[in-house]
Amino acid sequence: MNKFDAVPSEEEVDDENSDKCMSTISRHFFGNELDKPSFSISILENMKEEYGLFVWPCSIILAEYVWQQRFRFSGVSVVELGAGTSLPGLVAAKVGSDVTLTDDSDRIEVMGLTWGVWDASVFNLHPKIILGADVFYDTSAFDDLFATVTFLLKNSPGSVFITTYHNRSGHHLIEFLMVKWGLKCVKLLDGFSFLPPDKASGLSGNIQLAEIVLSGELTEVLHLTSL
């Protein structure tokens with residue numbers, strides 16, 4: 001060892017070992033032998049990073065919904081909010097979407113988008129589909145989230161926000177804020193109603209999937225979803 005090489009302290013060694021113990025790779029499969037194309041996505045997870053680098057049940061359910069609706073996603077522009085490990089956005093990219101991944105602007109290099117903060121990059125987004133898995137967990141951020149969703153929906157007429165969330169105590173606040181921001185839920189599903197048994201067996205919680213649009217576009221969206 002060169003005498004100028006830094007020798008890690010005992011605390012640094014402990015931290016490194018702790019990081020290794022907290023890290024794991026999860027693999028997520030989509031499709032089966034009778035349903036082509038099929039693929040898998042591997043994600044490095046780390047529970048030490050304020051839970052932002054962990055694939056939560058809402059992400060798995062939303063990603064499965066994207067896969068099952070893959071023909072709807074093919075060739076369209078998609079933005080994932082609060083992407084974290086980005087499983088739904090990655091599946092959307094796999095099935096042919098033009099995907100932009102976003103998260104808090106001091107956490108991500110793909111594109112920083114802090115809810116409720118308007119910078120130049122936000123105005124260039126015109127997604128047809130907005131994804132958000134488990135973005136309703138901090139009630140203090142709900143207003144900023146809805147402000148951002150409303151702006152993106154208005155910036156791309158005919159677009160839709162698809163989100164999965166735990167039905168927690170903030171459910172009534174979500175309903176109130178949808179009315180406040182001129183939004184309407186056009187589809188509400190039990191998250192486990194369309195999940196394959198092998199995936200459902202490893203998850204728990206009261207998780208719902210909602211499709212949300214601008215209230216003024218309700219008639220058009222209902223017509224499209226009935227086709």
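A residue counts as buried when its relative accessible area is under 20%, as exposed when over 50%, and as partly exposed in between (1.4 Å probe, protein chains only). With that in hand, let's look at the aromatic rings here. This is a predicted model, where local features need pLDDT of at least 70, side-chain atom pairs count only at pLDDT 80 or more, and totals for chains, interfaces and linings use all residues. Residues are numbered from 1 along each chain as its sequence is written, and side-chain values use heavy atoms, leaving out hydrogens and water.

**Phe-54**
- At 24% relative accessibility, Phe-54 counts as partly exposed.
- You can find Phe-54 in the loop between E2 and H2 (E marks strands of at least two residues and H or I helices of at least four, taken as DSSP runs numbered from the N terminus).
- Phe-54 and Ile-43 are eleven residues apart along the chain, with 8.7 Å between their C-alpha atoms.

**Ring pairs**
- Rings of Phe, Tyr and Trp (its six-membered ring) pair if their centres lie within 6.5 Å; planes under 30 degrees apart are stacked, over 60 edge-to-face, and the rest tilted.
- The whole structure holds seven aromatic pairs.
- One of them is edge-to-face: Phe-39 and Trp-67, at 5.5 Å centre to centre and 85° between the planes.
- This pair links distant parts of the chain, 28 residues apart: Phe-39 is in strand E2 (residues 35-46) and Trp-67 in helix H2 (residues 57-68).
- Phe-39 is buried at 15% relative accessibility, and Trp-67 is buried at 4%.
- Phe-136, Phe-142, Phe-146 and Tyr-165 are linked into a cluster by ring pairs.

**Charges over rings**
- A charge sits over a ring if NZ of Lys or CZ of Arg is within 6 Å of the ring centre and within 35 degrees of the ring normal.
- Arg-70 has its charged end over the ring of Trp-67, 3.9 Å from the centre.
- Lys-199 has its charged end over the ring of Phe-30, 4.0 Å from the centre.
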